[in-house]
Amino acid sequence: MTDTPATAPDTSVDATLRALLADILGLGEARAAALTEDSGLFGELPEFDSMAVATVLTEMEDRLGIVIDDDEIDGEIFETYGNLLAFSLRKVTD
Amino acid sequence: MATSEHHLRFEPPGAPHATVLIVPPLFEEANRTRRTLVLAMRALAARGFAAVMPDLPGQNESLVALEDVDLDTWQAALAGVAAEIDGPVLVASVRGGALIDHKAKAAGWWRLAPTGGASLLRTLLRARVAADREAGVASSVESLTEAAKSEALLLAGNRLSPAMIAQLGAAEVQPVEPLRSVALGAGGIAGTPLWLRAEPGEDAAMAGAIADDIAAWGAACGVI
């Protein structure tokens, strides 16, 4: 993603999240790999509707081995890829 | 009830080895996978199998209201469809379809990426919460779960009865014998989880892999 070497869990969470978005949004590997921290998700990608939000949350739980409390979810998490990644990293290291 | 529903059916050129009863995933996941599953049915016909995909009561062309059915209804309907088939039956279910496939009498079962009902229900409830949030309405999975004890809920376009929601939340895949349970990926089916895809996709190679795997399992079950 950047020239700065990421720690192992960061890299694997990032890769898992990109694969999950590719599966759910049908992005294809190239578009998924091209997502940056600032890439808009909800409201930006037409495929990212409320059903996709729900699917992303359930798949994040399954693939990252986390439990997401629905109180933790607000609109901001899905605004950008960076926000979603930061949320995932926080949950994984909790 | 079984006979009043539309069945999509493909026949091989000669007498079929067996009939593959396709049980698609539940709700929206059925739409996302239908195209690829129908390609798999055509591929099965080319391999000498008949393939049938019945509408579940309350789904697709059914005249029954979805609100009037639950998982018990679907299990009984599939058992009815299987009972009407001449010759050996192989049941092939995908995802949540594996939650309703065990009442049918069959020579063998094949399940792709079976999943529990709780996770399907959680996703449906979350979709409603996300849609409510967009509309400026405050709701939560907890409040919806409570409401579902006494009233039908509209979840991602599906009006589900309290019985359906309760059964779905508790539904686990039931043991059947003989069973081949396969996942996506190495040692299973090469392909992508189309059932998650926001826009329905199509994967002809995956359909071929599904047909090959079911045909090989049919041979292992002794129907060829």
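Me: What makes residues of H1(B) count as buried, and which are they?
Reply: A residue is buried if 20 or more other C-beta atoms, placed from the backbone, lie within 10 Å of its own. In H1(B) the buried residues are B:Glu28, B:Glu29, B:Ala30, B:Arg32, B:Thr33, B:Thr36, B:Leu37, B:Ala40, B:Met41, B:Ala43 and B:Leu44. This is a predicted model: local features need pLDDT of at least 70, side-chain atom pairs count only at pLDDT 80 or more, and totals for chains, interfaces and linings use all residues. Residues are numbered from 1 along each chain as its sequence is written, and chains are lettered from A and ligands numbered from 1 in the order in which they are written.

Me: What covers the buried residues of H1(B)?
Reply: The cover includes helix H3 (50-64) of chain A. From chain B it includes strands E1 (7-10), E2 (19-23), E3 (50-54) and E4 (89-94), and helix H6 (204-220).

Me: Where does H1(B) bend?
Reply: At B:Arg34, by about 50 degrees. The bend is the angle between axes fitted to the seven residues ending there and the seven starting there.

Me: What makes chain A agree with a compact globule?
Reply: The rule is 2.2 Å times the number of residues to the power 0.38, with the radius of gyration taken over C-alpha atoms. For 94 residues that gives near 12 Å; chain A has 12 Å, so the two agree.

Conventions
Helix = DSSP H or I, 4+ residues; strand = E, 2+ residues; numbered from the N terminus. Buried ≥ 20, exposed ≤ 12 C-beta atoms within 10 Å, placed from the backbone. Contact = placed C-beta atoms within 7 Å.
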